[in-house]
Amino acid sequence: MEIKLIDPRALVDNPDKARRTKSSPQSDALLLATIRAVGIVQPPVVAPQTDGGNGFVIQHGHRRVKQAIAAGLEEIAIIVDEAAADGGAMRSMIENTARENLNPVDQWRAIERLVALGWTEEAIGIALAQPVRQIKKLRLLANVLPAMLDHMAKGDMPDERQLRTIAGASLDEQKEVWKAHKPTKGDPQVDWWRVAQGLAKTRMYARDASFGDDLAQAYGIAWVEDLFAPADQDSRYTNDVDAFLGAQQEWMTQNLPKKGVIAEVSNYGEVRLPPKAERVYGTPKKSDHTAMYLDREGKVKTVHFRMPEAKKKGKAAEDAGDDDEAIVISKPRPDVTRKGIEMIGDLRTDALHEALSRAPIEDETLLALLVLAFAGQNVRVDSGAGGDFRYGARFGRHAAALFDAEGRFAFDTDTLRVAARGVLVDVFSCREGISKSGIVALVAGGAVGADSFLANMGTDDFLSCLSRPALEGSCVDTPVLPRARVKDTRAALVEHFKEGHFVHQSALFAPDAATLTEWLSKNAVPDDKDDGTLAEQDELDGDVPVEPGHDFVDEDELSEGYREAAE
């Protein structure tokens with residue numbers, strides 16, 4: 001180590017310096033004034049160039065050298081020292097932190113640089129007098145998308161809560177959200193709350209779990225620690241909501257008391273008790289029942305209720321016994337979750353549309369399906385009299401194909417078939433929500449063989465929506481044996497069906513017999529219904545126009561007229 005006098009303009013900047021963002025103008029002005037008044041008190045530390053040059057590379061003191069040049073100094077004192085084993089990374093970070101705290105982005109990058117050079121998190125924490133938890137937190141933030149980091153380094157920083165959400169997302173997810181919300185020339189500020197909102201995921205915390213490690217392993221739950229949470233609480237969480245709720249549901253089933261029921265909750269988060277049940281807010285009695293349910297946060301909650309005593313007379317009252325115990329029936333967890341049902345709806349719709357477009361369909365079946373399509377619960381075609389043309393607007397393009405170039409209503413059989421198929425595709429839907437056609441779509445799918453068009457459902461996305469019994473039931477007729485852990489069973493099925501094809505039984509186009517019977521009885525027209533026709537017209541020939549006996553004709557009368565015309 002030696003001290004030399006040198007022109008500050010001859011010193012070479014270190015490309016791997018700790019401070020990469022500009023320091024504040026106030027801090028630079030104060031340093032410049034100090035140098036002009038008393039010179040440089042502590043000489044910058046430099047090291048000889050190792051790339052073949054004979055100059056010196058600045059290790060610490062970039063700001064001092066810069067302000068010395070600004071002050072017009074011809075020479076400054078420097079300390080020449082060999083570079084440390086880590087290239088001076090730790091010295092540079094400590095020196096910069098002591099003089100003016102590094103920008104948070106520079107802190108994250110400096111710590112990552114130290115780790116890459118072989119420093120452990122514990123050693124970095126000791127050197128910087130920081131707890132290891134803080135070092136881990138900073139390392140997590142270093143995984144933020146580089147484009148976001150570059151913008152944050154300019155001084156536009158999100159708050160800690162938003163930063164936590166952003167850092168917890170994958171780089172691919174960050175890239176997609178950043179593409180939609182990155183700053184522009186007209187608006188250089190980032191709406192960080194929108195970025196965080198786009199990356200936010202539901203978290204289920206380990207402190208809210210009633211199940212133990214055995215069920216956590218069975219459902220493949222891997223806990224992640226929230227490094228931004230207070231250190232004195234269990235901050236472990238998982239984003240696998242279905243697995244968490246499934247483990248909670250199985251725990252409730254295993255620990256249900258004798259007079260217990262697994263209850264559901266309303267849209268407002270209130271527990272739904274059996275009909276006529278009275279909730280007990282005080283100390284429950286032996287004869288009272290227990291309801292266990294999951295609240296909106298996934299916690300297991302317990303309430304007590306009692307059923308009214310049955311009024312019985314005579315000997316029946318003596319033989320009543322413990323019949324009240326049979327009142328409560330625990331509702332098992334469904335085989336397929338709500339997300340799985342929605343996936344089935346999407347897969348069914350895609351298969352149905354594919355079958356309607358490509359599968360061979362007889363003309364009679366095609367016309368019958370067209371009639372059936374307009375009976376779907378999602379179909380509404382407005383006349384336009386009310387000024388609303390939104391519903392049914394897509395049907396015009398199919399009708400337009402039936403006209404020739406001169407505007408005449410003329411078409412061939414093939415054109416009619418294509419138009420009919422297009423109308424069917426636009427009408428029929430199995431998707432959950434307002435576009436769902438209902439049971440008629442399942443009947444249509446069965447008629448055109450849409451089952452053979454269903455996509456492979458042996459994927460991790462869909463199989464994760466199945467309960468343990470349903471998942472193990474899917475192993476039937478396969479060489480896959482159920483594993484101890486649900487996660488392992490699912491992985492084995494995914495691997496087995498990677499080259500094969502799997503369709504869950506609940507996704508087939510097979511309408512429930514009871515539901516279909518109910519639909520048919522609800523929409524059937526009674527044979528003895530009085531249609532309001534005048535008595536003196538009863539004997540007229542069917543080809544003679546018959547005027548209705550009143551001004552208003554309802555839909556059932558029109559249907560009857562269509563039937564007569566067809567005959």
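Which residues in H15 meet which residues in H17?

**Figure 1. Contact between helices H15 and H17 in the predicted model.** On the H15 side, the residues are Asp363, Leu366, Leu369, Leu370 and Ala373. They meet Arg417, Ala420, Arg421, Val423, Leu424 and Val427 of H17. Sorted by class, this contact comprises 8 nonpolar and 3 charged residues, with no polar ones. The axes of the two helices lie 10 Å apart, and the packing angle is about 35°. The crossing of H15 past H17 is left-handed.

**Figure 2. Salt bridge between Asp363 and Arg417.** The closest N and O atoms of this pair are 2.9 Å apart. Asp363 is partly exposed, at 31% relative accessibility. Arg417 is likewise classed as partly exposed, its relative accessible area being 33%. Both residues also take part in the contact between the two helices.

**Figure 3. Salt bridge between Arg306 and Asp288.** Here the closest N and O atoms are separated by 2.9 Å. Distant parts of the chain are again linked: Arg306 is in strand S13 (residues 300-306), and Asp288 is in the loop between strand S11 (278-280) and strand S12 (289-294), 18 residues apart. Arg306 has a relative accessibility of 28% and is therefore partly exposed. Asp288 counts as buried because its relative accessibility is 6%, under the 20% limit for that class.

**Figure 4. Salt bridge between Asp234 and Arg236.** In this pair, a distance of 3.0 Å separates the closest N and O atoms. Asp234 has a relative accessible area of 31%, so this residue is partly exposed. Arg236 is also partly exposed, with a value of 33%.

**Figure 5. Network of salt bridges formed by Asp208, Glu297 and Lys299.** Side chains of opposite charge can pair when their charged atoms come close. In this view, salt bridges link Asp208, Glu297 and Lys299 into a network. For the model as a whole, the count comes to 19 salt bridges.

Definitions and conventions: Residues numbered from 1 in each chain as written. Predicted model: local features only at pLDDT ≥ 70, side-chain atom pairs only at ≥ 80, totals over all residues. Heavy atoms only, no water. Salt bridge = Lys/Arg side-chain N within 4 Å of Asp/Glu carboxyl O. Buried < 20%, exposed > 50% of the residue type's maximum accessible area, 1.4 Å probe, protein only. Helix = DSSP H or I, 4+ residues; strand = E, 2+ residues; numbered from the N terminus. Axes fitted to C-alpha atoms, helices over the stretch in contact; angles between N-to-C directions. Left-handed = near helix turned anticlockwise from the far one by under 90°. Contact = heavy atoms within 4.5 Å. Nonpolar A, V, L, I, M, F, W, Y, C, P; charged D, E, K, R; others polar.
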